[in-house]
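Take a look at the model below.

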Amino acid sequence: MANKEASVAELTDKFRDSTAVLLTEYRGLTVAQLKQLRTSLSENATYAVVKNTLTKIAANAAGISSFDDDLVGPSAIAFVHGDPVTVAKGLRDFAKANPLLVIKGGYFDGNPLTPEEVIKLADLETREVLLGRLAGAFKASLFGAAYLFNAPLAKAVRTVEALREKQDSAS
């Protein structure tokens, strides 16, 4: 009993500490395939096989009731501590290569996610790509502003130079 309470407390902490939680069913996958999946997600998430009853108790304790109906069969959860988009992409890509992995849903930013919404999350660009695009947009707008500020000065210099050349040729 104490062991189960410790497991529930640990799972509750993982639910609370995660930026997102993605629920999967792994029925039919080999141990080697699960290890490969864990390794691929390890930078941004902890992927753990869970007991449904204990997970349901822990999720409810953390304020998440959206998993109650989905916690049936062999379940595993990706507790995301990094970029949720990267983890969703990893699960989606692994599920494409191994159709036995089924994405059941998720929980992100205080909202439950359907399997379709997890796939939409996976279709987004990663945080780094979006930040790169934003930086590029800022750089382009700053370059444009600098060009606009320099244009009248450059035009004035060219005008003065043209007048000077005209005077030199007249003398």
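Where is the place of Leu 131? Leu 131 lies in helix H6, which covers residues 127–170. Keep in mind that this is a predicted model.

Is Leu 131 buried, exposed or partly exposed? Its relative accessible area is 42%. Buried means under 20% and exposed means over 50%. Leu 131 is therefore partly exposed. Leu 131 also belongs to a nonpolar patch on the surface. Leu 134 and Phe 138 are the other members. Together the three residues have about 300 Å² of accessible area.

Now to the sheet. Five strands form an open sheet in the order E2-E3-E1-E4-E5, and the pairing is antiparallel. Strand E2 (45–50) and strand E5 (111–113) stand at the edges. Each has a single partner strand, so one side of each is left without a neighbour in the sheet. From one strand to the next, the twist averages 20°. In general, the strands of a sheet pair through backbone hydrogen bonds, either parallel or antiparallel.

E2 pairs with strand E3 (residues 75–80) in the antiparallel sense, over six bridges.

Two helices come next. Helix H4 (residues 84–97) packs on the sheet. H4 touches strand E1 (20–25), E2, E3 and strand E4 (102–108). The direction of H4 makes about 10° with that of E1. Helix H5 (residues 115–123) packs on the sheet as well. H5 touches E1, E4 and E5, and its direction makes about 75° with that of E4.

Both helices touch E4. How many residues of E4 are buried? Five of its seven residues are, so E4 counts as mostly covered given that buried means under 20% relative accessible area.

E4 has pairings with E1 and with E5. E1 and E4 pair in the antiparallel sense over six bridges. Here Thr 24 has Ile 103 in E4 as its bridge partner. Three bridges join E4 to E5, and these two strands run antiparallel. Gly 106 stands opposite Leu 113 in E5.

What do E4 and E5 form? They form a hairpin, with two residues between them. Asp 109 sits in the turn and has a positive phi of about 55°.

Note on methods
Residues are numbered from 1 along each chain as its sequence is written. This is a predicted model: local features need pLDDT of at least 70, side-chain atom pairs count only at pLDDT 80 or more; totals for chains, interfaces and linings use all residues. Side-chain values use heavy atoms; hydrogens and water are left out. Patches are made of residues with over 30% relative accessible area and no salt bridge: like charges are joined within 9 Å, nonpolar side chains (Val, Leu, Ile, Met, Phe, Trp, Tyr) within 5 Å. Accessible areas come from the Shrake-Rupley method with a 1.4 Å probe; for residues, only the protein chains shown count as cover. A salt bridge is a side-chain nitrogen of Lys or Arg within 4 Å of a carboxyl oxygen of Asp or Glu. Helices (H or I, at least four residues) and strands (E, at least two) are DSSP runs, numbered from the N terminus. Buried means under 20% relative accessible area, exposed over 50%, partly exposed in between (1.4 Å probe, protein chains only). Two strands pair if DSSP finds at least two bridges between them. Axes are lines fitted to C-alpha atoms, for helices over the stretch in contact, and angles run from 0 to 180 degrees between N-to-C directions. Contact means heavy atoms within 4.5 Å.
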